[in-house]
Amino acid sequence: MSLDSDVIVDRRRIRRKLTFWRVVAAVVAIAAVVTVGVVATPAGRGTFTTSGSIARVHIDGLIRSNNDRIEALERLEKSRAAAVVVHINSPGGTTAGSEQLYDALVRLKAKKPMVVVVEGLAASGGYITAIAADHIVAQQSSLVGSIGVLFQYPNFTELLKTVGVKVEEVKSSPLKAAPNGFEPTSPEARAALDALVKDSYAWFRGLVKSRRGIDDGLLEKVADGRVFTGRQALDLKMVDQLGDEKTAIAWLVAQKGVKADLPVRDYRLSPHLSDLTFLRTAAYITLDALGLSVIARQVEHAGLAQAVDRLGLDGMLALWQPAGGN
């Protein structure tokens with residue numbers, strides 16, 4: 001009995017020590033993540049973009065209005081970076097968010113030599129972003145284009161009839177809050193929406209024509225909503241060169257006088273809150289340190305951010321495959 005009691009006491013002591021060190025590891029992990037988070041703030045990020053370096057910027061995922069990202073790009077304008085390489089992998093997003101990002105990159109280009117690298121996708125709003133640069137490099141199998149504008153809305157009229165629900169309303173004019181999804185879309189409302197889409201589409205086409213220097217005949221071919229491979233896009237003057245980041249840097253060296261031996265350093269833009277990158281990373285590290293690795297992996301691979309992003313897309317879209325699931 002005495003031996004069994006000693007074993008039990010020893011096991012409890014070991015368990016307490018293990019719990020203590022797990023808690024310590026969790027605290028250290030959280031502190032490390034917080035430190036990284038601080039470095040990623042406006043004050044901290046500046047330490048990563050030093051003179052004598054090329055700033056690497058990533059534009060990934062859905063694009064929408066994001067003032068934090070615009071402020072980060074404005075800080076990059078004033079930094080000591082010698083040049084900027086913008087990597088794009090985006091299906092697009094809202095037209096307003098894409099225009100905002102395009103304008104910010106045009107201002108950045110006026111201060112720093114800039115080149116765009118299309119990694120996997122630069123479609124719709126992603127292509128609007130890309131043409132802010134004077135030189136676009138794409139991989140042969142990249143997808144580029146989808147020049148068009150989309151306005152989608154669900155209509156629950158038939159469903160409401162089935163369940164016996166009728167939505168009543170009082171509004172100041174027939175086109176107020178139209179379409180609303182609770183009644184058939186009137187010809188007048190559809191015509192108003194059609195005018196919105198056509199006006200935004202005309203703006204998109206005009207932007208492509210002026211930035212890429214293509215004639216009306218070629219514009220008709222590239223602006224029908226399709227995406228093209230990098231190889232096709234090169235022949236259609238939608239991109240300037242096939243290659244990767246090394247190709248882009250070689251262009252900066254040859255055409256913009258950037259020194260060939262400069263290091264390339266990541267310049268991180270503030271993540272949108274819905275990306276939850278910081279919180280997910282902290283949760284992953286903490287759970288893993290506490291021995292809950294299975295749960296940690298579930299958190300790491302959760303696709304919640306993308307779903308939240310899609311729900312947050314309001315207004316007209318310049319987006320490729322808005323309802324697609326990967």
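Select Glu220 and Arg205 to begin: the two form a salt bridge, their closest N and O atoms lying 2.7 Å apart. The term denotes a side-chain nitrogen of Lys or Arg within 4 Å of a carboxyl oxygen of Asp or Glu. Glu220 belongs to helix H8 (residues 216–222) and Arg205 to helix H7, so that the pair links distant parts of the chain, 15 residues apart. Helices (H or I, at least four residues) and strands (E, at least two) are DSSP runs, numbered from the N terminus. Arg205 counts as buried at 17% relative accessibility; buried means under 20% relative accessible area, exposed over 50% and partly exposed in between, with a 1.4 Å probe and protein chains only.

This is a predicted model, in which local features need pLDDT of at least 70 and side-chain atom pairs count only at pLDDT 80 or more, whereas totals for chains, interfaces and linings use all residues. Residues are numbered from 1 along each chain as its sequence is written, and side-chain values use heavy atoms, with hydrogens and water left out.

**Further salt bridges**

Because Arg211 lies in H7 (residues 187–212) and Asp134 in the loop between H5 and S4, the pair ties together parts that are 77 residues apart in sequence. Arg211 is partly exposed at 24% relative accessibility, and Asp134 is partly exposed at 40%.

Next, display Lys111 and Glu77, whose side chains meet in a salt bridge of 3.6 Å, N to O. Lys111 is in helix H4 and Glu77 in helix H3 (residues 67–77), 34 residues apart. Which partner is buried and which is exposed? Lys111 is exposed, with a relative accessible area of 56%, while Glu77 is buried, with 14%. Elsewhere, Arg56, Glu245 and Asp266 are linked in a network of salt bridges. The structure holds 14 salt bridges.

**Helix H3**

Select H3 and colour Arg69, Ile70, Ala72, Leu73, Leu76 and Glu77, which are buried. They cover an arc of only 160° around the axis, the arc being that of the directions from the helix axis to the C-beta atoms, and therefore lie on the same side of H3.

**Strand S3 and its partners**

Now select strand S3, residues 114–123. Eight of its ten residues are buried, so S3 is largely enclosed by the rest of the structure. Strand S2 (residues 83–94) pairs with S3 in the parallel sense over six bridges; two strands pair if DSSP finds at least two bridges between them. Within this pairing, Ile88 has Val118 of S3 as its bridge partner.

Follow the chain from S2 through helix H4 (residues 95–111) to S3: these elements make a right-handed β-α-β unit. Right-handed means that, with the strands pointing away from the viewer, the path from the first strand over the helix to the second runs clockwise. From S3 the chain crosses through helix H5 (residues 125–130) to S4, and this β-α-β crossover is also right-handed.

Strand S4 (residues 136–138) runs parallel to S3 and is joined to S3 by three bridges. In S4, Ile136 is the bridge partner of Val116. Finally, select strand S5 (residues 143–145), which is parallel to S3 and joined to S3 by three bridges. There, Leu143 of S5 stands opposite Leu121.
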